[in-house]
Amino acid sequence: MNWNPKNKKRLVMATAGVLVAALGVGIWAGVRGGAEPVGVYPFSTVGMTEFWGDSKESYGPVTTDKIQTVFLSDTQIVTEVLVSQGDTVKKGDLLMTFDTTLSELELERKRLEVEKLKLELTDAQNYLAEINGMKPMELPDIDDNPGDSTEEMGTELTQNYLISDNPDYDGSTPETALICWLKDTTAIDDTLLEAIRLQAKTIREENQPTEPTTEPTTEPTTVPTTETTVPTTTPTTVPTEPPTTAPTEPPTTAPTEPPTTAPTEPPATVPTEPPATEPTTPPTTVPAAEDDITNTDKDSSKDGQEISKKRSNASATPEEPDPTDNPTEGSEPVVVTDYYVVFKVTQGNMSLGQKTVWQGVYVTGNNAMRFFDATYLPDYTLMDEEGDAGMDIPDFDFGSGFTAEQIAQMRSEQQKKIKDLEFQIKMADADYKIKQTEFNDGNVYSEIDGEVISVLTEEEARDTKSPLIKVSGGGGFYVQGTVNELEKDNLRVGQEVTISDWETGATYTGTVQSIGDFPSAESNWNGMENPNSSYYPFTAFVDGSADLQAGRYVSMTYTTGSGESGIYLENPFLRTEKGQSYVFVRGKNDKLEKRYVTVGKSLWGSYTEIRSGLSETDYIAFPYGKNVKEGAPTVEGDRNDLYNY
């Protein structure tokens with residue numbers, strides 16, 4: 001069988017239809033019942049004997065040779081057609097006149113569209129240059145450190161975690177995130193998250209303004225004195241003494257007058273007891289607990305566990321609540337419900353070891369967590385007060401921050417974007433030039449010496465998207481395309497190509513006229529191949545029967561590779577068992593036979609080359625169904641039956 005390459009796409013679609021139909025509803029042979037024979041199909045309907053290569057696509061502008069087509073745009077209105085079919089015309093003869101609704105503003109918009117695309121192309125090219133200049137990020141290896149001794153690697157984390165206590169970093173923003181250095185075996189749990197929250201709370205309280213601290217200092221001294229007079233005068237003088245004596249005689253008469261009213265109970269105890277016990281107990285107990293925890297925090301800032309343990313013990317005392325939850329009087333209470341923290345794990349748990357984890361985490365109420373990008377944040381725990389490295393830190397060059405693979409992907413995507421923009425510019429510029437011609441003159445002149453071979457009405461031309469007037473001098477159309485350098489040797493002069501007009505939807509057959517020997521500056525890249533490859537120009541010719549328009553861009557589809565003879569079977573008719581491929585074919589006495597075959601390359605995901613075990617004279621069964629087994633009776637089936645299931 002001589003396979004026609006034009007039917008390739010139709011056959012591929014048919015193959016998909018067979019597979020979906022047969023497997024989507026069920027195994028077709030099984031639904032017919034065990035009594036019916038299995039259908040078999042001639043190889044000519046389920047395979048092919050010649051392979052013409054893979055399809056490739058290019059695009060390019062249309063030029064004319066001794067032919068002219070006059071198309072109408074949406075903004076043209078015909079006023080008069082001056083020629084008829086069969087007329088002979090000379091170059092420069094007036095063919096028709098028209099009015100245009102195209103405004104100067106619309107034309108300017110089209111020009112600005114082209115300019116905008118060109119600016120986008122320039123920006124894309126500049127960004128590609130930046131990508132090309134990027135240095136890949138190299139993750140430092142522990143061997144790159146100044147030495148491998150414990151001393152040169154910095155201090156070792158011996159406890160489970162260590163939370164930073166730098167007052168400039170309270171966890172309120174990603175830039176001021178706390179740093180929690182974890183041992184490589186430490187798990188992040190609610191206990192750890194609570195310790196970090198308390199650390200954030202402590203730092204935020206310490207960062208509060210200090211102005212209100214004057215009030216608490218005066219209050220403790222005055223409160224005890226007022227408290228001592230109120231209890232002594234309240235039980236004795238309030239019932240007996242009138243209100244007038246209270247405001248007038250407190251400073252001087254308080255020591256002398258009360259003895260007459262209550263000589264025995266208050267006077268002896270009032271002067272001695274309040275100064276000794278009452279001022280000392282309330283004011284000193286609470287601050288003492290607060291100072292104790294604060295000092296403990298500061299002294300053990302390098303031991304996160306100890307901080308957390310002492311703070312949790314203080315807050316667990318029922319008589320005295322956690323001082324961090326009750327700041328001193330006069331200051332606003334600090335409530336911490338969310339914070340930012342960076343978790344750090346280092347190799348060997350050493351402060352200068354290579355970071356194996358550097359992950360930013362945002363923690364909200366109920367310890368809900370989500371990640372944030374902390375790659376740009378410095379490790380301030382390794383800095384001294386001046387912001388310089390406090391230890392002998394290796395000077396690692398992290399490059400652009402992207403790996404070589406990421407840069408390569410970015411480069412490829414940007415190159416594709418540039419090629420797409422170049423294509424859009426060509427299309428937009430071609431459309432602008434056609435509209436510019438329309439706007440400049442309301443007359444259409446003959447461009448060649450020839451014969452008017454067709455004239456349509458305005459309505460017919462618009463409905464069929466055909467030229468209103470067509471003049472021919474015996475020529476045709478040329479389309480310039482490009483072929484990838486890897487496929488150039490497989491494209492031949494005289495080979496057929498398929499031309500598709502995006503504007504009208506029509507397709508035509510052309511032939512390759514010439515192939516260039518030098519790469520083209522115009523790649524006419526189609527977005528499917530490597531944009532870095534070189535492209536060589538080729539020209540295809542389409543005869544005068546086509547209705548193409550000069551200046552428009554069209555696509556060309558062609559196959560690369562010479563014809564290869566062989567046996568190629570549709571994939572749904574091939575099965576594999578334990579690594580061996582087989583088919584069911586009609587054998588002796590028209591009984592079904594299971595036959596093992598040797599397979600080769602796959603074509604388009606739809607065909608498989610059969611190197612041995614099958615011939616083009618065989619009848620093949622669809623290899624699924626409970627009746628499909630060796631020795632089953634067979635009957636010649638109609639391929640169209642497969643589409644009914």
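Student: Why is R111 called partly exposed?
Tutor: Its relative accessible area is 29%. Buried means under 20%, exposed over 50% and partly exposed in between, taken with a 1.4 Å probe on protein chains only. R111 falls in between, and therefore counts as partly exposed. Note that this is a predicted model, where local features need pLDDT of at least 70, side-chain atom pairs count only at pLDDT 80 or more, and totals for chains, interfaces and linings use all residues. Residues are numbered from 1 along each chain as its sequence is written, and side-chain values use heavy atoms, with hydrogens and water left out.

Student: What makes E108 and R111 a salt bridge?
Tutor: Their closest N and O atoms are 2.5 Å apart. The term asks for a side-chain nitrogen of Lys or Arg within 4 Å of a carboxyl oxygen of Asp or Glu, so the pair qualifies. E108, at 32% relative accessible area, is partly exposed.

Student: Where do E108 and R111 lie in helix α3?
Tutor: They are three residues apart in helix α3 (residues 104-132), which means about one helical turn separates them. Helices (H or I, at least four residues) and strands (E, at least two) are DSSP runs, numbered from the N terminus.

Student: How do you know that K110 and D431 form a salt bridge?
Tutor: The N to O distance between their side chains is 2.9 Å, which is within the cut-off, so the term applies. K110 lies in helix α3 and D431 in helix α13 (residues 404-440), so this pair ties together parts 321 residues apart in sequence. Both K110 and D431 are buried. The two also belong to a network of salt bridges that links K110, E113, D431 and R552.

Student: How many salt bridges does a search of the whole structure find?
Tutor: It finds 18.

Student: How many aromatic pairs does a search of the whole structure find?
Tutor: The search gives 14. Rings of Phe, Tyr and Trp (its six-membered ring) pair if their centres lie within 6.5 Å; planes under 30 degrees apart count as stacked, over 60 as edge-to-face and the rest as tilted.

Student: What makes the pair of F573 and F622 edge-to-face?
Tutor: The ring centres are 5.7 Å apart and the planes stand at 85°, so the pair meets the distance limit and the edge-to-face angle. F573 is in the loop between β19 (564-570) and β20 (575-577), and F622 in the loop between β24 (619-621) and β25 (634-636), so parts 49 residues apart in sequence are tied together. F573 and F622 are both buried. Ring pairs join Y41, F573, F622 and Y624 in a cluster.

Student: Which residues have the most contacts inside the largest nonpolar core?
Tutor: They are C180, I196, V341 and F343, in a core of 30 residues. Such a core is a set of buried Ala, Val, Leu, Ile, Met, Phe, Trp, Tyr and Cys residues joined through side-chain atoms within 4.5 Å. At least two of its residues come from each of β7 (161-163), β8 (178-182), α4 (190-206), β9 (339-346) and β10 (355-364).

Student: Why is G475 called buried?
Tutor: Its relative accessible area is 13%, which is under the cut-off, so the word applies. G475 is placed in strand β14 (residues 469-484).
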